[in-house]
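User: I have a structure here that I'd like to go through with you. Could you take me through it piece by piece?

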Amino acid sequence: MGLPCVCVPAWKAIEQAEPEFAARVRRLFDAGRHKTIATLRADGSPRISGIECEFTDGDLRFGSMTDARKGADLKRDPRFALHGPTFHPEEGKENDWPGEAKIAGRAVPVGPVTAAEATGQPDGEMFVADISEIVITGLNPEATKLVVDSWTPRRGLRRVERD
């Protein structure tokens, strides 16, 4: 639990620091409903699960159903990596590919989620992301190089192009 992490308090801090980059990340995440989250099992091995998330009230939020393994993982070790929906570049139209986005950080529990028709028992738990890294992987306009745009609170925005 006392693992070192340089994080920001909320998604809105990224929107304020790098508005264009944050807008691209959000478009990529909003392009499809289903995302993938990686958490750590009790033995330290990775677990991948499907998940939905939302950007709301300046936060990136996601939930876990009651007794779900990903929620137990996050309560034990809050580190996560979240991958937006993936779309493959279409052959011959590679320069139209928008790329894909990933967000890593710590999940902070913010309380139970209860369905309106429920009897008041929690249906799960909601988490807010403290973000330590964001990465967009895409192609340059000519579709000849891989372009990796990444942001961390410590170093800010950086671009790397690879052949």
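This is a predicted model: local features need pLDDT of at least 70, side-chain atom pairs count only at pLDDT 80 or more; totals for chains, interfaces and linings use all residues.

User: What share of the residues is buried?

Analyst: Of the 163 residues in the protein, 40% are buried. The exposed surface comes to about 9400 Å², and carbon and sulfur atoms supply 50% of that area. As for contacts with a separation of 6 or more, 56% of them are accounted for by residues 24 or more positions apart.

User: Which residues of the largest nonpolar core touch the most other members?

Analyst: That core has 25 residues, and the ones touching the most other members are Trp11, Val25, Phe62, Phe80, Ile103 and Ile134. At least two core residues come from each of α1 (11-17), α2 (19-30), β3 (53-56), β4 (59-65), β5 (79-83), β6 (100-113) and β7 (124-139).

User: Take valine 25, then. What is it in contact with, leaving aside its neighbours in sequence?

Analyst: Once residues within four places in sequence are set aside, valine 25 is in contact with Trp11, Ala101, Ile103, Ile134 and Ile136.

User: Switching to rings: how many aromatic pairs does a search of the whole structure find?

Analyst: The search finds four aromatic pairs. In one, phenylalanine 62 and phenylalanine 80 have ring centres 5.2 Å apart and planes at 65°, so this pair is edge-to-face. Because phenylalanine 62 lies in strand β4 and phenylalanine 80 in strand β5, the pair ties together parts that are 18 residues apart in sequence.

User: Are those two buried or exposed?

Analyst: Phenylalanine 62 counts as buried because its relative accessibility is 1%, and phenylalanine 80, at 4%, counts as buried as well.

User: And what about phenylalanine 127, how does its ring sit with phenylalanine 62: stacked or edge-to-face?

Analyst: Phenylalanine 62 and phenylalanine 127 form a stacked pair, with 6.2 Å from centre to centre and 25° between the planes. This pair links distant parts of the chain, since phenylalanine 62 is in strand β4 and phenylalanine 127 is in strand β7, 65 residues apart.

User: Which residues form an aromatic cluster with Trp11?

Analyst: Trp11 forms one aromatic cluster together with Phe29 and Phe55.

User: Now pockets. What lines the largest one, and which strand gives the most?

Analyst: The largest pocket holds about 310 Å³ of space. Its lining consists of 15 residues, and Phe62, Gly63, Ser64, Met65 and Val113 lie nearest its centre. Strand β4 gives the most to this lining, with five residues, while β3, β4 and β7 each supply at least two. Phe62 therefore returns here, as a buried residue at 1% relative accessibility.

User: Last one, serine 49: where is it found, and is it buried or exposed?

Analyst: Serine 49 is found in strand β2, which covers residues 46-51. Serine 49 is buried because its relative accessible area, 16%, falls under the 20% cut-off. Not counting residues up to four places away in sequence, serine 49 touches Lys35, Thr36, Ile37 and Lys70.

Note on methods. Residues are numbered from 1 along each chain as its sequence is written. Side-chain values use heavy atoms; hydrogens and water are left out. A nonpolar core is a set of buried Ala, Val, Leu, Ile, Met, Phe, Trp, Tyr and Cys residues joined through side-chain atoms within 4.5 Å. Buried means under 20% relative accessible area, exposed over 50%, partly exposed in between (1.4 Å probe, protein chains only). Helices (H or I, at least four residues) and strands (E, at least two) are DSSP runs, numbered from the N terminus. Contact means heavy atoms within 4.5 Å. Rings of Phe, Tyr and Trp (its six-membered ring) pair if their centres lie within 6.5 Å; planes under 30 degrees apart count as stacked, over 60 as edge-to-face and the rest as tilted. Accessible areas come from the Shrake-Rupley method with a 1.4 Å probe; for residues, only the protein chains shown count as cover. On a 1 Å grid over the protein atoms alone, a cavity is a set of points where a 1.4 Å probe fits but cannot get out, and a pocket is an open set with protein on both sides within 12 Å along at least five of seven lines; lining residues have an atom within 4 Å of a point. Grid points are joined across faces, edges and corners, and a volume is the space filled by probe spheres set on the points.
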